[in-house]
Amino acid sequence: MRLFSRSKKKKTSGRSSAYARPRWVHMATDDSSANKGGLRVDFDELGARGFVTRDTIEDNIGREFSLIKRRLLRRMDFFNALREGKEDRKKAKNERCTVILVTSSKPGEGKTFSSCNLALSLAFEEQIKVLLIDADLAKPSVHGVFDFAEDRAGLFDCLKDPERRVHNDIQPVQGTNLSILPAGRATTSPAPLLGSDAMLKVLDQVSFGDNAFDLVVMDGPPLLATTEASVLANYADETLLVVGAGDSSVPQIKSSIDLLGVQDKIILMINHMPLGEPLPTEYGYIGS
Amino acid sequence: MLELKNILAPFVAALWQGRWLAMTIAWLACLVGWIGVALLPNVYTATARMYVDTDTLLRPLMKDLAVSPDFDLQVAIMRDTFFAVPNIEELMLRTGIGAEIDDPVEHANLIEDFGNKLYLDLLGRNLFEIGYRHHDPDKAFQVVSVMLDIFVQQQLGHSQRDVEIAGAFIDEQIVAYDAKLREAELRVAEYQKEHGEELGGAERNVRDLDQTDAETRRLRSELEAANWRRDQIRTKLDSVPKTVSSGEAGASPAQEQLRELNGELTRKLLLYTEQHPDILALRQLIAQANEQVKAESEGERIADFLVPNPAFDQLNSQLQTVEIQIDDLTRRLSVAENERQALSDKVRLAPQVEADLKRLNRDYDVLLNQYEKLIQKRESAQLARELDEGKKRIEFRTVEPPVRPVEPSGPPHGLFMLVVLMLGGGVGGAFVIGRFLLSDTVLTSAQLQSQFPSLPVMGGVSEVLPGKHGRASSLVGLTGSVAALLVVFVTFFYFYQISPQKPDLAEIAINLAESVVGKHAKADP
């Protein structure tokens with residue numbers, strides 16, 4: 001219940017927020033994972049590249065991801081689950097934490113961008129422990145965002161060696177509730193490994209125990225390029241299909257949805273919108 | 001409103017997304033278009049105005065005549081003759097245009113092209129403008145002046161030919177009418193000659209007819225009377241014996257006859273004149289009887305025998321006299337009746353003859369009238385021709401002689417460049433929109449939701465634009481690009497529309513190429 005014990009105000013709390021924060025959410029702390037060392041990230045630089053940081057959370061990009069995140073959480077009834085202490089029961093029943101798979105039809109539609117931002121936004125605003133897994137083992141790209149070495153051990157190593165402790169490979173991002181599990185050094189085709197029990201074991205390790213995470217965001221591979229994404233979708237509670245504006249066509253998106261199979265787990269978002277999202281008021285969002 | 005926004009939003013988004021592509025296309029299209037327009041050669045138009053009095057030339061001449069050509073026809077003829085192939089060929093020959101072309105097809109094309117570049121306008125009544133467009137002002141001027149010459153000559157020859165044609169026509173008509181007139185005259189004369197009696201004494205004929213009628217009637221009644229008398233005498237003669245004995249005779253038969261004849265003569269003289277044939281016949285008989293009496297008295301007394309009955313003889317002679325009278329009357333009656341018949345025929349035919357003559361006379365009058373008119377027309381045509389000779393300079397007057405054009409008349413470079421600018425922008429935008437429509441992609445979250453209504457759409461993320469200010473800086477860049485395009489446009493527009501001196505891009509290019517080649521040439525050795 002460490003999540004609820006943190007009460008220090010976050011640095012950017014002085015900035016006005018455009019929308020109400022759920023009253024039960026505690027303010028983030030600077031030193032959430034500082035004692036463990038972990039990744040040092042230049043947030044200014046990250047923000048300049050268009051990612052959500054404490055400084056850019058009120059910016060256009062931050063607000064847009066906030067909207068997506070809130071709709072997502074509301075859809076999953078995530079907060080109710082937390083508030084009613086279902087977390088404990090879930091753990092008792094051996095239920096794994098919530099997994100969100102972020103994927104797209106083609107490469108370059110903004111999977112990594114969206115998954116990283118979603119994870120950042122969750123970690124910064126909602127004060128929940130978020131694990132970002134780079135599940136695109138063939139072409140990992142999360143390391144590029146957070147600027148760490150590509151050959152860091154990660155998911156692939158854990159899948160290959162079931163005895164390996166996942167927590168040793170998880171990199172907490174300094175000053176946030178966010179941790180990252182790199183892709184690892186892929187040497188063989190990852191598809192069979194992803195479909196094996198090894199993957200379940202990895203998810204078990206991050207879901208249970210002392211360092212358990214509340215939510216896992218997986219940055220998946222593109223759907224139309226490999227079969228891995230559809231395999232990963234089996235572990236996910238929600239599959240967020242990122243559609244690049246003017247990128248993949250409607251028939252392509254349709255075949256991606258077909259590949260994913262179960263429709264009630266699929267949710268959509270659009271990326272690279274040329275004109276941006278209309279203001280929330282136009283959706284009547286604030287009033288609801 | 002929101003609906004419209006939703007419909008338009010994808011297109012606006014597409015435009016924004018493809019803004020740089022659209023801008024590049026617009027730039028390329030505009031630059032190519034502008035250079036193309038700049039390379040369009042200037043066109044100069046030389047014009048001349050002339051007054052062609054088509055009215056006075058032919059009006060008096062052709063007045064009231066069936067062959068009078070109207071004004072419009074005249075203009076049409078002028079146009080046709082103006083653009084006629086021989087004319088243009090002559091023009092090309094005189095100006096030396098197309099002299100170097102041998103190919104007949106190309107030559108024909110050139111002639112047609114010429115016809116298109118030349119124009120003839122009717123500015124007002126009798127005021128014409130001819131013009132020619134060419135990229136060489138001297139050529140345009142030359143063509144118009146030569147054309148004017150040709151045209152004036154043409155028109156001159158044309159009108160004179162018209163006058164001649166009309167004159168010949170009138171002369172021909174006059175000859176024809178003359179012949180007709182003569183014929184008609186002859187016909188009338190002959191008719192009059194033929195039917196002179198009917199025509200001359202119609203009244204006298206009627207009177208004569210009456211007279212002969214009366215005479216015939218009288219003769220007929222006389223003849224009847226004579227016939228009756230003859231029949232009477234014949235009856236009496238039958239009852240009288242032919243002979244009697246001599247003793248019985250108191251007087252000799254000759255004396256008796258003489259006495260009787262004298263009595264008859266006395267009676268007849270009461271009725272007729274001395275010249276009447278009866279009287280003459282009686283006197284002859286009396287003379288004969290006297291001689292007989294003389295002979296009797298001289299000779300011996302005739303013996304007493306059967307002597308002819310004097311009464312019978314007397315009756316017999318009476319019968320003879322009547323018969324002679326009947327013969328005479330019959331003859332005279334037939335003569336009178338013939339005469340009467342002829343007269344009645346004449347009287348009956350007289351009205352028809354008169355009508356015929358009237359008709360002939362009328363025909364003749366008509367012919368004569370026409371003939372006289374023609375004679376008059378010939379006179380007036382002669383007059384007009386004489387008038388025309390004196391007025392020749394007024395009929396064809398150059399109102400405004402051709403001037404060597406200084407300012408080009410076209411093409412409208414500035415306008416074309418503006419069109420190119422609009423088209424360039426339009427092509428850029430259209431390309432981007434078209435690409436979006438063909439790609440079947442989505443650009444807004446609303447669009448995504450409408451495409452996949454069964455799936456929840458969490459929202460959308462705007463594109464991350466490089467730079468600190470993102471969209472604003474992109475907008476600035478775009479605006480700058482548009483502004484630069486406009487500056488280039490204004491520059492082109494200034495040089496090719498406003499500035500009096502138009503830079504020759506071809507020349508500049510040649511100079512540039514030459515300088516480059518020159519440098520190379522210098523560098524080579």
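**Figure 1. A network of salt bridges in chain B.** In this predicted model, B:Glu264, B:Arg267, B:Lys268 and B:Asp278 are linked by salt bridges into a network. Two members, B:Glu264 and B:Asp278, count as negative. The other two, B:Arg267 and B:Lys268, count as positive. Side chains of opposite charge can pair when their charged atoms come close. Over all chains, the structure holds 23 salt bridges.

Figure 2. Is B:Arg218 buried, partly exposed or exposed? Its relative accessibility is 37%, so B:Arg218 counts as partly exposed. B:Glu222 has 30% relative accessibility and also counts as partly exposed.

Figure 3. Helix H12 runs over residues 310-395 of chain B and holds both partners. Four residues, about one turn of the helix, separate B:Arg332 from B:Asp328. B:Arg332 is partly exposed, and its relative accessible area is 30%.

**Figure 4. A salt bridge between A:Arg49 and A:Glu45.** This view moves to chain A. The two side chains form a salt bridge of 3.1 Å, N to O. A:Arg49 has 31% relative accessibility, so it counts as partly exposed. A:Glu45 is partly exposed too, with a relative accessible area of 37%.

**Figure 5. A patch of negative charge on the surface of chain A.** Which residues gather in this patch? They are A:Asp42, A:Asp44, A:Asp55 and A:Asp147. A:Asp42 sits in a loop of chain A. That loop lies between helix H1 (2-5) and helix H2 (43-48). A:Asp42 has a relative accessible area of 46%, so it is partly exposed. A residue needs over 30% relative accessible area to join a patch, and A:Asp42 has 46%.

Figure 6. Seen here are B:Leu40, B:Leu415, B:Phe416, B:Leu418, B:Val419, B:Met422 and B:Leu423. Together they make a nonpolar surface patch of about 610 Å². B:Met422 lies in helix H13, residues 413-439 of chain B. Its relative accessibility is 57%, so B:Met422 counts as exposed. Chain B as a whole has an accessible surface of about 31900 Å². Carbon and sulfur atoms account for 58% of that surface.

Figure 7. A:Met218 is part of strand S5, residues 215-219 of chain A. Is A:Met218 buried or exposed? A:Met218 has a relative accessible area of 0%, so it is buried. Which residues does A:Met218 touch, leaving out those up to four places away in sequence? The contacts are A:Val99, A:Ile100, A:Leu101, A:Val102, A:Ile133, A:Ala135, A:Met199 and A:Leu232. A:Ser115 is 103 residues from A:Met218 along the chain, yet their C-alpha atoms are separated by 7.1 Å.

**Figure 8. The fold of chain B.** Chain B contains 16 helices and seven strands. Of its 525 residues, 34% are buried. Consider contacts between residues at least 6 apart in sequence: 82% of them join residues at least 24 apart.

Notes: Residues are numbered from 1 along each chain as its sequence is written. Chains are lettered from A and ligands numbered from 1 in the order in which they are written. This is a predicted model: local features need pLDDT of at least 70, side-chain atom pairs count only at pLDDT 80 or more; totals for chains, interfaces and linings use all residues. Side-chain values use heavy atoms; hydrogens and water are left out. Patches are made of residues with over 30% relative accessible area and no salt bridge: like charges are joined within 9 Å, nonpolar side chains (Val, Leu, Ile, Met, Phe, Trp, Tyr) within 5 Å. Accessible areas come from the Shrake-Rupley method with a 1.4 Å probe; for residues, only the protein chains shown count as cover. A salt bridge is a side-chain nitrogen of Lys or Arg within 4 Å of a carboxyl oxygen of Asp or Glu. The place of a charge is taken as NZ of Lys, CZ of Arg, CG of Asp or CD of Glu. Helices (H or I, at least four residues) and strands (E, at least two) are DSSP runs, numbered from the N terminus. Buried means under 20% relative accessible area, exposed over 50%, partly exposed in between (1.4 Å probe, protein chains only). Contact means heavy atoms within 4.5 Å.
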